[in-house]
Amino acid sequence: MSTSTQSRRPSAIAGLTYFGSVLVVGLPLMYAVYVFFVDTAILFNLNLGAAFLWQILLLAVAFLTGISVATKVAERVLKKFSQKVE
């Protein structure tokens with residue numbers, strides 16, 4: 001195997017791990033957080049459906065929550081993977 005392929009392998013594994021954790025953990029969590037916020041707003045009759053800025057704010061909070069949890073999952077997976085390789 002060439003040295004350029006060996007030097008790109010850790011970054012490729014890290015990228016695939018991060019992408020996989022976003023798909024498996026981040027997006028479902030983002031959806032769940034967004035639905036929770038919207039249902040809570042409906043429960044308290046806040047009428048956020050008409051306010052576009054509130055929807056963007058809720059979506060941003062849900063996105064940041066999903067991405068931060070996916071990052072933590074990817075870091076733990078990569079840490080366990082690197083311990084097994086060594």
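Q: Does Lys79 count as buried, partly exposed or exposed in this predicted model?
A: The relative accessibility of Lys79 is 54%. The cut-off for an exposed residue is over 50%. Because its value passes that cut-off, Lys79 counts as exposed.

Q: Which residues form the positive surface patch that includes Lys79?
A: Lys79 is found in helix H2, which spans residues 52-85. Membership of a patch requires over 30% relative accessible area, and Lys79 has 54%. The positive patch is formed by Lys72, Arg76, Lys79, Lys80 and Lys84.

Q: Is Ala62 buried or exposed?
A: Ala62 lies in helix H2. Its relative accessible area is 0%, and a residue with under 20% is classed as buried. Therefore Ala62 is buried.

Q: Which residues does Ala62 touch, not counting those up to four places away in sequence?
A: Ala62 is part of helix H2. A contact requires heavy atoms within 4.5 Å. With residues up to four places away in sequence not counted, Ala62 touches Met30, Val33 and Tyr34.

Q: How far apart in space are Ala62 and Ala32, C-alpha to C-alpha?
A: In sequence, Ala62 and Ala32 are 30 residues apart. In space, their C-alpha to C-alpha distance is 8.2 Å.

Q: What accessible area do Phe19, Leu23, Val24 and Leu27 have together?
A: Leu27 lies in helix H1, residues 3-43, and is partly exposed, with a relative accessible area of 40%. Phe19, Leu23, Val24 and Leu27 form a nonpolar patch on the surface. Together, these four residues have an accessible area of about 410 Å².

How values were computed
Residues are numbered from 1 along each chain as its sequence is written. This is a predicted model: local features need pLDDT of at least 70, side-chain atom pairs count only at pLDDT 80 or more; totals for chains, interfaces and linings use all residues. Side-chain values use heavy atoms; hydrogens and water are left out. Patches are made of residues with over 30% relative accessible area and no salt bridge: like charges are joined within 9 Å, nonpolar side chains (Val, Leu, Ile, Met, Phe, Trp, Tyr) within 5 Å. Accessible areas come from the Shrake-Rupley method with a 1.4 Å probe; for residues, only the protein chains shown count as cover. A salt bridge is a side-chain nitrogen of Lys or Arg within 4 Å of a carboxyl oxygen of Asp or Glu. Lys and Arg count as positive and Asp and Glu as negative; His and the chain ends are not counted. The place of a charge is taken as NZ of Lys, CZ of Arg, CG of Asp or CD of Glu. Helices (H or I, at least four residues) and strands (E, at least two) are DSSP runs, numbered from the N terminus. Buried means under 20% relative accessible area, exposed over 50%, partly exposed in between (1.4 Å probe, protein chains only).
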